[in-house]
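Subject: Structure handover and findings

Hello,

Here is the structure for your files. My notes on what was found in it follow below.

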Amino acid sequence: LPPPLKICALTISAISKFTENIRVISCLCNPGIRPRHWVQMSDVIGYDITPNSGSSLRKILKLNLEEFMDKLEEVSVAATKEHALEMELKMMKSQWSDISFSTTNYRDTTIKIVGSVELIETYLGK
């Protein structure tokens, strides 16, 4: 083969080899994974895979995690959903942090209740 075709063949081979690892990479490089998820994944595999300063993609790929991928993906998907909820909650907290509601005493007691539900409904967009 002429040199340009050799380069193409090598590149295609390298890409094909890399695509085999995309499932592992997308599962373990999830920004939503928290320490509790690493514990769950480590429990699935049987040893600790929590990333540390010595972790690398090469080391992770050498672990041959293919047989555990279904369970690891379950944890990763749960982490993604939990992360989305955390972000949504954070946004709600920031939106509502400066809002205050007036309260009144309930009948002749010292128990406080919200003075007006109309304001709450306005903030909730009803």
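The largest cavity has a volume of about 30 Å³, where a cavity is, on a 1 Å grid over the protein atoms alone, a set of points where a 1.4 Å probe fits but cannot get out. Grid points are joined across faces, edges and corners, and the volume is the space filled by probe spheres set on the points. One cavity of 30 Å³ or more is present in the structure. Its lining consists of Asn-21, Val-24, Ile-60, Leu-61, Asn-64, Leu-65 and Glu-66; a lining residue has an atom within 4 Å of a point.

The conventions are as follows. The model is predicted, so local features need pLDDT of at least 70 and side-chain atom pairs count only at pLDDT 80 or more, while totals for chains, interfaces and linings use all residues. Residues are numbered from 1 along each chain as its sequence is written, and side-chain values use heavy atoms, with hydrogens and water left out.

Backbone

Asn-64, one of the residues lining the cavity, has a positive phi of about 50 degrees although it is not a glycine. Asn-64 sits in the loop between helix 4 (57-61) and helix 5; helices (H or I, at least four residues) and strands (E, at least two) are DSSP runs, numbered from the N terminus. With a relative accessible area of 48%, Asn-64 is partly exposed. The classes are buried for under 20% relative accessible area, exposed for over 50%, and partly exposed in between, with a 1.4 Å probe and protein chains only.

Arg-107 also is not a glycine and has a positive phi, near 50 degrees. Arg-107 belongs to the loop between strand 1 (103-105) and strand 2 (112-114), and is exposed at a relative accessible area of 68%.

Met-69 lies in helix 5, which covers residues 69-96. Its relative accessibility is 1%, so Met-69 counts as buried. Leaving aside neighbours within four places in sequence, Met-69 is in contact (heavy atoms within 4.5 Å) with Arg-23, Val-24 and Cys-27.

Not counting residues up to four places away in sequence, Ser-76 touches Ser-26, Cys-27, Asn-30, Ile-33 and Met-41.

Salt bridges

How many salt bridges does a search of the whole structure find? The search finds five, a salt bridge being a side-chain nitrogen of Lys or Arg within 4 Å of a carboxyl oxygen of Asp or Glu.

One of them joins the side chains of Asp-70 and Arg-23, at 2.6 Å from N to O. Asp-70 is in helix 5 and Arg-23 in helix 2, so the pair ties together parts that are 47 residues apart in sequence. Asp-70 is exposed, with a relative accessible area of 55%, whereas Arg-23 is partly exposed at 36% relative accessibility.

Arg-34 forms a salt bridge with Glu-86, and the closest N and O atoms are 3.0 Å apart. Arg-34 is in the loop between helix 2 and helix 3 (35-45) and Glu-86 is in helix 5, so this pair ties together parts that are 52 residues apart in sequence. Both count as partly exposed: Arg-34 has a relative accessible area of 22%, and Glu-86 is at 28% relative accessibility.

Glu-86 also meets Arg-36 in a salt bridge, at 3.3 Å from N to O. This pair links distant parts of the chain, with Arg-36 in helix 3 and Glu-86 in helix 5, 50 residues apart. Arg-36 is partly exposed at 42% relative accessibility. Arg-34, Arg-36, Glu-82 and Glu-86 are linked in a network of salt bridges.

Surface

Phe-18, Ile-22 and Leu-57 form a nonpolar patch on the surface, with about 260 Å² of accessible area together. Patches are made of residues with over 30% relative accessible area and no salt bridge; like charges are joined within 9 Å, and nonpolar side chains (Val, Leu, Ile, Met, Phe, Trp, Tyr) within 5 Å. Accessible areas come from the Shrake-Rupley method with a 1.4 Å probe, and for residues only the protein chains shown count as cover.

Regards

Note on methods. 1 Å grid on protein atoms, 1.4 Å probe; cavity = no way out; pocket = protein on both sides within 12 Å on 5 of 7 lines; lining within 4 Å.
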